[in-house]
Amino acid sequence: MNPATQSALIHGAVYGTIVCLAVLTSIAMGIWFERKFAGRMQSRIGPTYTGPVGLLQPVADVVKLLQKEDIIPRDADHALFNLAPPLAAIFSLAAAAVVPFSAKVISADLDVGVVYILGVGGLMVVPTFMAGWSSNNKFALLGGMRAIAQSVSYGVPLVLATMVPVVLAGSLSVSGIVDWQATHHWFAVWPILPGLPAFLLFYLAMLAESNRIPFDIPEAESELVAGITTEYTGAKFTLFYMAEYVHTMVGSAVAAALFFGGWDGPFAPGLHWMVLKTLLIFVSVYWVRWSLVRFRSDQLMDLCWKRLTPLGLGLVFLAAAFVQYWPGGAR
Amino acid sequence: MGYFIDSLKAMATTFRQIFRKPATYEYPEVIRPRAERLRASFALPDDENGELACIACMACEKICPSQIIHIKSEGKRESPVTGKKRQYADTFVLDLTACIGCELCVQVCNSNAIYMVREQEVPGFEREDLVLNLERLRANAKSKTAAWAKGTVLQEMQELPKAEKKPAAEKKPAPEKKPAADATAAPPGDEKPAPEKKPVAEKKETPAPAAPADATPAAAAPAEAAPAAEAKAAAKPDAEAKPDGEAKPKEAEPAKAEGAKSDAAKEASA
Amino acid sequence: MHSGWLSVFAFLVVSSLIGFGLLAASRVIRVRSKSDSPLKHRTYECGEEPAGLAWMQFHARYYVVAIFFVLFDVEAVFLFPWAVVLRELGSAAFVAAVLFVVVLMLGWLYALRKEALQWQ
């Protein structure tokens, strides 16, 4: 093993550990915050008994879930059933590998980072459908089918929205896009016409990809019990639950990097800015979650294929026109 | 587009909620204000001699719609305090899990030996935690505040108005007025009318035959009082025009009396 | 050149350790029931007897969605390299891409008129 390979592996492992643990810790705190936030939105107070102001609630939740008995349905496909939850956790974390948390804190600075993120994000369909199919449960199967239809459909607006910063910055590397924004403008601010709508498009598609309200049709607990997680207990359920939050958190980080200049910001070190932006987007997801109601299946598909897809294509060409014809757009 | 604007409105609404005071009361530490007539559990009080007031007459056990009261008594025996022979409830079990809070047991109790209290039982982990036995019921009488319907309040509310005395009141209003007023002032029930003005109202009606016996059935149905009061103005000339009719005055006159009574009650309460 | 992908590989190893590690941790601390009832391992169907297996035929509309996805994703694959080198290639590339997408959107319009995009 030559030294370059060795250092790349060590770099990836060390930063990977840091980033993974940071993401997991922040989603633990995020869950606590979400519960407090949702509580206050509904004139409640949220968790209070576990630790000071309920801060240890996520810890209590995870410990409780890990202690639960592991039940595998007799009719399930055991291998797929057991493999799906860890895969979901891995794929949801994997996208964080190329997100620059500061100018230096980046696990792997790929020159095709954006494509990698989209590819890994698309892989989330696999464990979802593995779980839905292998459970051999009708609710899980319906949930899995809906999840696939939804993720696959919203993959298209997601790709198109991601293409706007790529066109504007002329780079497929996430850190390259952030660098461009640091030297020019945040894309959500300027050029505002493809920039801000592209962010909103990305945000909507991200909500749909991570099955968040108002796009939580695959879970739809009022119709499908718990969707794909119907048959899962204990640690395996925890992994799915975790994967959902990680997906949202990493999606927020990507949105912050692509549209809000990532680690770029005055006064404070870059890491602070990146974390602040990521958390703000993350919180807004929960704000949406506790405010809106679920779409119907057909509304969801109409919105995606009839509205968002043409809109996304239009934004891409608006961005391309900006680069081509706006004075100073290409610099 | 409209959907997005509405979504933003919804999000603004939830955001505004954040700054409002939470509606939560953290129950064991903070007890929220209880409703005036809240009744939550039961208590078995002692009588004036310091003994259990319950004499195991089984009235509450019989009337309980959910059949959650079970009393056993080992017969009469001498009271250690007064020396008189009386009956004791030796076991008294009340299953609060099935109680519907109708308070009938309190109503039927003739010895004021059971009443409801305002404070709930502490939540338990097992069903048995909410089955009250004699000790817990007696402890409740000492530790918890009674609901509003303690003693014979409910029984007095349910009593029929003293209709038999009305003819007497008609003839000699002066002596009847006072005791009647006293009797009605005692219980807090506001349904009981104060018949002070009634003799006055009846005096005007002297030409009508108005057999005293006829007044009683209508008087015993106070539910008709309100519509009757409205009908008073119309009924009055009618009654005067046909002094000969037996049926008409019979209807109209008690109605008038009731109307006057309810008017009087309103004035008394005001 | 390849160092980025090696780091990604290391990252994936770390995240796999977290994923499988959580399962292993639960294997250590989780409760094991002493009595094992066959009912516990039955498929959940709201308390009813499960009626057959869930592995059955499914509605074709999901298939249509998959086809559309492939269509638009392949288009995105073509557009990504174009997006990166757009400023070097200039107006000709811009017009070419516009024409490409116009043709694609004609197909989209056809699908729209055929109500293939309708979720029925």
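A salt bridge here is a side-chain nitrogen of Lys or Arg within 4 Å of a carboxyl oxygen of Asp or Glu. I needed that rule for my opening look-up, and I note that the model is a predicted one.

**Entry: chain A against chain B**

I searched the interface of chain A and chain B for salt bridges, and the rule finds 0. I then turned to polar contacts. There the rule finds 8 residue pairs across this interface, with both residues at pLDDT 80 or more.

I looked up which helices of chain A take part. The most comes from α1(A), with 3 residues.

How much area do chain A and chain B bury between them? I read about 1,500 Å², 64% of it on carbon and sulfur atoms. On the chain A side, Arg40(A), Ser43(A) and Trp287(A) lose the most area to chain B. Together they make up 35% of what that side buries. I also noted who takes part: 17 residues from chain A and 18 residues from chain B.

**Entry: the nonpolar cores**

Which residues touch the most other members of the largest nonpolar core? Among its 121 residues, I found Val167(A) and Trp82(C). Helix α6 (residues 138-169) of chain A gives the largest share, 15 residues. Domain 1 (2-30) and domain 2 (60-113) of chain C both contribute residues, so this core lies between them.

Beyond its neighbours within four places in sequence, Trp82(C) contacts Val167(A), Val316(A), Phe317(A) and Ala320(A), along with Ala93(C), Phe94(C) and Ala97(C).

I also logged a second, separate core of 27 residues, including Cys54(B), Leu94(B), Val106(B) and Leu134(B).

Notes: Residues are numbered from 1 along each chain as its sequence is written. Chains are lettered from A and ligands numbered from 1 in the order in which they are written. This is a predicted model: local features need pLDDT of at least 70, side-chain atom pairs count only at pLDDT 80 or more; totals for chains, interfaces and linings use all residues. Side-chain values use heavy atoms; hydrogens and water are left out. A nonpolar core is a set of buried Ala, Val, Leu, Ile, Met, Phe, Trp, Tyr and Cys residues joined through side-chain atoms within 4.5 Å. Buried means under 20% relative accessible area, exposed over 50%, partly exposed in between (1.4 Å probe, protein chains only). Helices (H or I, at least four residues) and strands (E, at least two) are DSSP runs, numbered from the N terminus. Domain bounds come from an automatic or database domain assignment. Contact means heavy atoms within 4.5 Å. Buried area is the accessible area (1.4 Å probe) that two parts lose on being put together, summed over both. A polar contact is a pair of N or O atoms within 3.5 Å; within protein, one must be able to donate a hydrogen and the other to accept it, and residues adjacent in sequence count only if both atoms are side-chain atoms.
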